[in-house]
Amino acid sequence: MNANKITLTAILSALLGLASLPSHGAPLFFQDFDSGLGANESSYGAFALGTAGNTINGSATMGHPGGYGNYEYSYYQIDNVALTGTKILLSFDYSAYIEPYWDGFNVVVGTDPLNPPEGVVSPTASSGMQYSVGYNLSSLGPVHFDSSLNPTGKAEFDLSALSGSTVSIRFQFQSDISISNSGFNMDNLLISNEPVSSAVPEPTSFALLGLGLAGLGLSRRKRR
Ligand SMILES: [Ca+2]
Ligand SMILES: [Ca+2]
């Protein structure tokens, strides 16, 4: 491929990218835990923002920096999340090693103050994280993730039914007696939606795109 073709391809991709931007939904929330928490985020118990010892693919996470203890209850929480639009999906990468059946993790969504296990949301059918029934830990309830079948992956939850609400979301862990395992960590938390009315590119955008392409064609012909 010569330089002309590479430049043309790059410009074309950029123009097409611009033209298709309005049809994509903006994230409602994103957190990769690499540069601090926002004012509406907090952690409790042994959960901490990633330092040496809790990483996924080498980048900072939220969760256990070094294992967990007896009868521990820990969580990361986001408050004042306005859920809007349709097809609202919450997803995150996780890495976990917790005692199967006895220790657990799950996600609670509701209005503040949360009252778990009220409001536990279930993963989608295609989620890497799936709940099972285990030892009934007071805050988690009997339904939670135990990491024995899928210790790493991408978790996904569908929050579409809560569109129009402003909610708190708690990502909570609880143990019984301690068997020293590495615990739970999460990263790349994304809440996305499809906007209520998806914008269509203006006719002028197409006109400008056409002009740009015609210009490119001209300048290439002149150089020959
Ligand atoms: Ca990260
Ligand atoms: Ca345990």
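First, the conventions. This is a predicted model, so to speak of local features I need pLDDT of at least 70, and side-chain atom pairs count only at pLDDT 80 or more, while totals for chains, interfaces and linings use all residues. Residues are numbered from 1 along each chain as its sequence is written, chains are lettered from A and ligands numbered from 1 in the order in which they are written, and side-chain values use heavy atoms, with hydrogens and water left out.

The overall picture, then. The protein has 2 helices and 15 strands; these are DSSP runs numbered from the N terminus, helices being H or I of at least four residues and strands E of at least two. Of its 224 residues, 38% are buried, where buried means under 20% relative accessible area, exposed means over 50%, and partly exposed lies in between, with a 1.4 Å probe and protein chains only. The accessible surface is about 11,700 Å², and carbon and sulfur atoms hold 58% of that; the areas come from the Shrake-Rupley method with a 1.4 Å probe, and for residues only the protein chains shown count as cover. Among contacts with a separation of 6 or more, 80% are between residues 24 or more positions apart, a contact being heavy atoms within 4.5 Å.

Now the strands. One open sheet has 5 strands in the order β2-β7-β14-β9-β10, paired antiparallel; two strands pair if DSSP finds at least two bridges between them. β2 and β10 (120–121) are at the edges with a single partner strand each, so one side of each has no neighbour in the sheet. Inside that order, β9 and β14 are joined by 7 bridges, and phenylalanine 105 stands opposite phenylalanine 173 in β14. Elsewhere, β11 (residues 132–137) and β12 (residues 141–144) run antiparallel with 3 bridges. A hairpin of 3 residues connects β11 to β12, and leucine 137 has glycine 141 in β12 as its bridge partner.

Next, the core. The largest nonpolar core has 33 residues, and Phe92, Phe171 and Phe184 have the most contacts inside it. By nonpolar core I mean a set of buried Ala, Val, Leu, Ile, Met, Phe, Trp, Tyr and Cys residues joined through side-chain atoms within 4.5 Å. β7 (73–82), β8, β9, β13 (152–158), β14 and β15 each supply at least two of its residues, and β8 gives the largest share, 5 residues.

Aspartate 34 lies in the loop between β1 (29–31) and β2 (41–44) and serine 59 in β5 (residues 59–60), so the pair ties together parts 25 residues apart in sequence. Aspartate 34 is partly exposed at 42%, and serine 59 is partly exposed at 22%.

Aspartate 103 is buried at 0% relative accessibility, and aspartate 176 is buried at 9%.
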